Amino acid sequence: MKKIILSVAFVIIGAQVFSQITFGPKIGINLNHLSTDFDQMITDVKNESKSGLQIGAFLRIGGKTYFQPELLYSARGGKFTGIPQGETKESQYTYSMDAIDIPFLVGSKIINIPFVKVRIFAGPVASFFLDKEMKKDDNKEDQEQLKDGVWALTLGAGVDILMFTLDMRYELGLNNISNTPGQSIKNNLFNITLGWKIL
């Protein structure tokens, strides 16, 4: 009898834990903006955003309050123009990075009804650059001028409708991605992703 009770309890606890786990693929788009202090070395700086693809998977653990790690491929970068010190002609600087992003998010469901859930979340993001390229005009520069990995903080909100999950988030770069002394470049982006909850 004791074994039967323990077995039933184990099944009930296991089912409850399993019901608190959601995972699935997701895809979206980044709108990336590089913030710089180039005003000290380059005049008339004009900054342009760059769009890129984001694709990967998420795992959500918990109920009203949840933990959500993700593994994402993310294309990002930016572009700006200006006149370097000692020059008279405007130059264009282009940055492109392909990264593996690993967000560690903590969230809360502020609306939690059967078919619709509205969430807010925040957490750190570790980014590891798989490929990086920088150009001045059409000439490639030394890739070692960019770091191999950085940290960011992301804040966002999302809505779940049935098996679909839509997120909007802003990612604030915490580290300088440049290895050049006296130069600061931080990676900031806004993205929208659509996920499908397989479980």
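1. Basis. In this predicted model, local features need pLDDT of at least 70 and side-chain atom pairs count only at pLDDT 80 or more, while totals for chains, interfaces and linings use all residues. Residues are numbered from 1 along each chain as its sequence is written, and side-chain values use heavy atoms, with hydrogens and water left out.

2. Overall fold. The protein chain holds one helix and ten strands, in the order α-β-β-β-β-β-β-β-β-β-β from the N terminus. Helices (H or I, at least four residues) and strands (E, at least two) are DSSP runs, numbered from the N terminus. Of the contacts with a separation of 6 or more, 65% are between residues 24 or more positions apart; a contact means heavy atoms within 4.5 Å.

3. Burial. Of the 199 residues in the protein chain, 37% are buried. Buried means under 20% relative accessible area, with a 1.4 Å probe and protein chains only. Tyr 66, in strand 4 (residues 65-84), counts as buried because its relative accessibility is 3%.

4. Surroundings of Tyr 66. Lys 109 is 43 residues away in sequence, yet the C-alpha to C-alpha distance to Tyr 66 is 8.3 Å.

5. Two arginines at Tyr 66. The side chain of Arg 119 makes a polar contact of 3.1 Å with that of Tyr 66. Such a contact is a pair of N or O atoms within 3.5 Å; within protein, one must be able to donate a hydrogen and the other to accept it, and residues adjacent in sequence count only if both atoms are side-chain atoms. Arg 60 lies over the face of Tyr 66, 5.2 Å from the ring centre; the rule asks for NZ of Lys or CZ of Arg within 6 Å of the ring centre and within 35 degrees of the ring normal.

6. Largest cavity. A cavity is a set of points on a 1 Å grid over the protein atoms alone where a 1.4 Å probe fits but cannot get out, and lining residues have an atom within 4 Å of a point. The largest cavity has a volume of about 40 Å³, taken as the space filled by probe spheres set on the points, which are joined across faces, edges and corners. Arg 60 is one of its lining residues, as are Phe 58 and Asp 167. Strand 10 (185-196) gives the most to this lining, with three residues.

7. A loop residue. Leu 162 is in the loop between strand 8 (149-161) and strand 9. Its phi is near 55°, a positive value in a residue other than glycine.

Methods: Buried < 20%, exposed > 50% of the residue type's maximum accessible area, 1.4 Å probe, protein only. 1 Å grid on protein atoms, 1.4 Å probe; cavity = no way out; pocket = protein on both sides within 12 Å on 5 of 7 lines; lining within 4 Å.
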